[in-house]
Amino acid sequence: MDESLRAYIEREIIPRYDRFDRAHDRTHVHAVIRRSEELARNYDVDPDMVYVIAAYHDTGLACGRERHHIDSGRLLVADAELRRRFTPKQIAVMRDAVEDHRASATRAPRTIYGRIVAEADRQIDPETILRRTIRYGLDRTPELDREAQYARCLDHLLQKYAEGGYLRLWIAESENARRLEELRALIRDRQRLRALFDRIYAEEQ
């Protein structure tokens, strides 16, 4: 890993996450970076590219959520420092990977780099997912009361993570498949889900 590149990213790119909601803050991007680097050890890939992709993957949230994956790729391509350090082909691969990370994508990532960041972005830990979902609801819809927040949270879990949900996993070496089954069991057990929601909701107030 090029330490001067890491220093640049930590100084200029990571601070952008301070402006996003609590579900997409520095804790999130650092977790995605860490998991991307862990997954990348199983493949013949450029570690500097893996790092940049993970760091940039949600930067497009500065332009809005709906097309944030596209805007993240656009911002990466526009980075003059990255253009100085990487070839046009490498920049294009990184852009494609950033664009392909979104969980609601209807097609598989185009490259192994896209598969790595997409998988790393899917932190399938039941409590972490519930906490991030609650934080997002509190940050984006603070006018909702507890019951409405729970309904919003449950709807999100069902649409994304339950059987038939839109989430797709891409890396066989990842622990996400096993953890997804744990999360689905929690979603089915509404009494246990509500108890965990109430605890985390109280902690996040």
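A helix here is a DSSP run of H or I with at least four residues, numbered from the N terminus, and its expected span is 1.5 Å times one less than its number of residues. With that in hand, take α2: its 15 residues reach 21 Å from first C-alpha to last, close to the 21 Å expected at 1.5 Å a residue. Keep in mind that this is a predicted model, where local features need pLDDT of at least 70 and side-chain atom pairs count only at pLDDT 80 or more, while totals for chains, interfaces and linings use all residues. Residues are numbered from 1 along each chain as its sequence is written, and side-chain values use heavy atoms, leaving out hydrogens and water.

Let's stay with α2 for a moment. Its N-terminal end is capped by D25, which has a side-chain oxygen 3.1 Å from the backbone nitrogen of T27. Several of the helix's residues are buried (under 20% relative accessible area with a 1.4 Å probe, protein chains only), including H28, V29, R35 and L39. The buried residues of α2 pack against α3 (47–56), α7 and α8.

Leaving aside residues up to four places away in sequence, I33 touches I14, Y51, A54 and A55, where a contact means heavy atoms within 4.5 Å.

Now for the pockets. A pocket is an open set of points on a 1 Å grid over the protein atoms alone, where a 1.4 Å probe fits and protein lies on both sides within 12 Å along at least five of seven lines; lining residues have an atom within 4 Å of a point. The volume is the space filled by probe spheres set on the points.

The second largest pocket, at about 240 Å³, brings us back to α2, which gives the most to its lining, with four residues. α7 (112–121) and α10 (176–188) each supply at least two. Of the 14 lining residues, R35, E38, S174, E175 and R179 lie nearest the centre.

The largest pocket holds about 510 Å³ of space. It is lined by 22 residues, with H24, R65, H156, K160 and Y166 closest to its centre.

Terms used:
Buried < 20%, exposed > 50% of the residue type's maximum accessible area, 1.4 Å probe, protein only. Polar contact = N/O pair within 3.5 Å; in protein donor to acceptor, adjacent residues only side chain to side chain.
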